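I am opening a notebook on this structure. I will look things up one at a time and write down what I find.

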2 protein chains.
Amino acid sequence: MVEFTVQNLNGEEVERLRGVFGPFTDSVRELIDATIRTEVDADVVATAKAEIDAITARLRSAQLDGPFGVRLSEGGQMPWGNPVIGLRNPIAPPLVMRRSADGGIHADFHLGAAYEGPPGHVHGGVSALILDHVLGEAASSAQNPRLTGTISMRYLRTTPLGDLHTEARIVRTEGVKTFAVGHIADADGVTVEAEGVFITPKWAR
Amino acid sequence: MVEFTVQNLNGEEVERLRGVFGPFTDSVRELIDATIRTEVDADVVATAKAEIDAITARLRSAQLDGPFGVRLSEGGQMPWGNPVIGLRNPIAPPLVMRRSADGGIHADFHLGAAYEGPPGHVHGGVSALILDHVLGEAASSAQNPRLTGTISMRYLRTTPLGDLHTEARIVRTEGVKTFAVGHIADADGVTVEAEGVFITPKWAR
């Protein structure tokens, strides 16, 4: 059973928290990139480690017992811990999804060193992570959450790190099954295609 | 074209760098978890942000121009920037893959708050990220790198956050195509199955 946390936060409080944690999470994203690319000496790394451990201890002095979950507040869902779109998850690039007039969704995003597989290129699994999320979001709505049943990825060529685009849309719905397609593209066109079947979970039927 | 960086590091130097960057990256992983779960006040977050920005600036005072790449040294590949197995990538859980006597590979790993999709459960795309990597590694060897051509995931049930297992193996090879299968499991059994076709890239034929 999947449980959602309901918080009685009003829109103003949600915006205040967004202002506190959005910039902080962006700073941790920069630190991730620097962790991979730095060439400083061992003593500089050791000092940085001690400082980070002290910061983490202060942050942990008051923290949730478990993961962030998906919170519901005035104004809708707060999936802030999500590894693709989460405002508070430094692993997330993050993608900012927009809904098109035709009901599909799309996002422009940037992938740097933290998402590398083949040298200079996006890890195929990172493309799969993003496409799973984007197709799932295209297939879902606030009233009808849907989870991935099956999904297939087809890699047309390796995707370069840098500025990228993704989009997805529903093809059709049959009962509890919703069929969706989408892709990732760079400036020269589509690099990875995906199609999936998304299922309305039992607890949401 | 995918280019590998060749470094003339001997085994001792690789071990020294492992000792410097392994523990540091683990500290950044803890910071990521704390970033998602902390409930401290805004002023504590603001102070932490300023400190992290200063640490990042010091790390960036000497850094690679681009992403880490895959480096070749005495003792083999150093895919330290990889988002699934990378010693220096805080996004990576990281998985430590082991090769079985029959040629398949397997890993036990742990996923916490940073990998959450449905509340308390692994994001379906994170499972896809991991399976893409694990099947690709099963399909490859140092002599025969192979990249994902197509891959399909089948979600049997939602995967709980926590201790997990993954394994993959080659089913057959036909020319430049290698067929592999694998899965992710929790203590109660398989949660996600995958099958894929992996291609020997032109530059490695």
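**Entry 1: the two domains of chain A.** I start with a term I need: a polar contact is a pair of N or O atoms within 3.5 Å, and within protein one must be able to donate a hydrogen and the other to accept it. I also note that the model is a predicted one.

I looked up the domains next. Chain A splits into domain 1 (1–82) and domain 2 (95–204). Eight residues from domain 1 of chain A and four residues from domain 2 of chain A make the contact. Their centres, taken over C-alpha atoms, lie 24 Å apart.

**Entry 2: chain A as a whole.** I find three helices and nine strands in chain A. Read from the N terminus, the order is β-α-α-β-β-β-β-α-β-β-β-β. The C-alpha atoms of chain A fill a box of roughly 60 × 45 × 30 Å along the principal axes. Of its 205 residues, 52% count as buried. I took the contacts in chain A between residues at least 6 apart in sequence; 61% of them join residues at least 24 apart.

**Entry 3: chain A against chain B.** I turned to the other interface. Here 82 residues of chain A are in contact with 82 residues of chain B. The chains bury about 7,300 Å² between them, 65% of it on carbon and sulfur atoms. How many salt bridges does the rule find across the interface of chain A and chain B? It finds six. I also noted 43 residue pairs in polar contact between chain A and chain B, both residues at pLDDT 80 or more. On the side of chain A that touches chain B, α1(A) gives the most, with 16 residues. By class, that side has 41 nonpolar, 25 polar and 16 charged residues.

**Entry 4: one position, both chains.** I picked out D33(A). It forms a salt bridge with R60(B), with the closest N and O atoms 2.8 Å apart. Then I looked up D33(B), which sits in helix α1 (residues 11–37) of chain B. Leaving out residues up to four places away in sequence, D33(B) touches R60(A) and A113(B). Is D33(B) buried or exposed? D33(B) counts as buried because its relative accessible area is 15%, and the cut-off is under 20%.

Definitions and conventions:
Residues are numbered from 1 along each chain as its sequence is written. Chains are lettered from A and ligands numbered from 1 in the order in which they are written. This is a predicted model: local features need pLDDT of at least 70, side-chain atom pairs count only at pLDDT 80 or more; totals for chains, interfaces and linings use all residues. Side-chain values use heavy atoms; hydrogens and water are left out. Helices (H or I, at least four residues) and strands (E, at least two) are DSSP runs, numbered from the N terminus. Buried means under 20% relative accessible area, exposed over 50%, partly exposed in between (1.4 Å probe, protein chains only). Contact means heavy atoms within 4.5 Å. Domain bounds come from an automatic or database domain assignment. Buried area is the accessible area (1.4 Å probe) that two parts lose on being put together, summed over both. A salt bridge is a side-chain nitrogen of Lys or Arg within 4 Å of a carboxyl oxygen of Asp or Glu. A polar contact is a pair of N or O atoms within 3.5 Å; within protein, one must be able to donate a hydrogen and the other to accept it, and residues adjacent in sequence count only if both atoms are side-chain atoms. Ala, Val, Leu, Ile, Met, Phe, Trp, Tyr, Cys and Pro count as nonpolar, Asp, Glu, Lys and Arg as charged, and the others, Gly among them, as polar.
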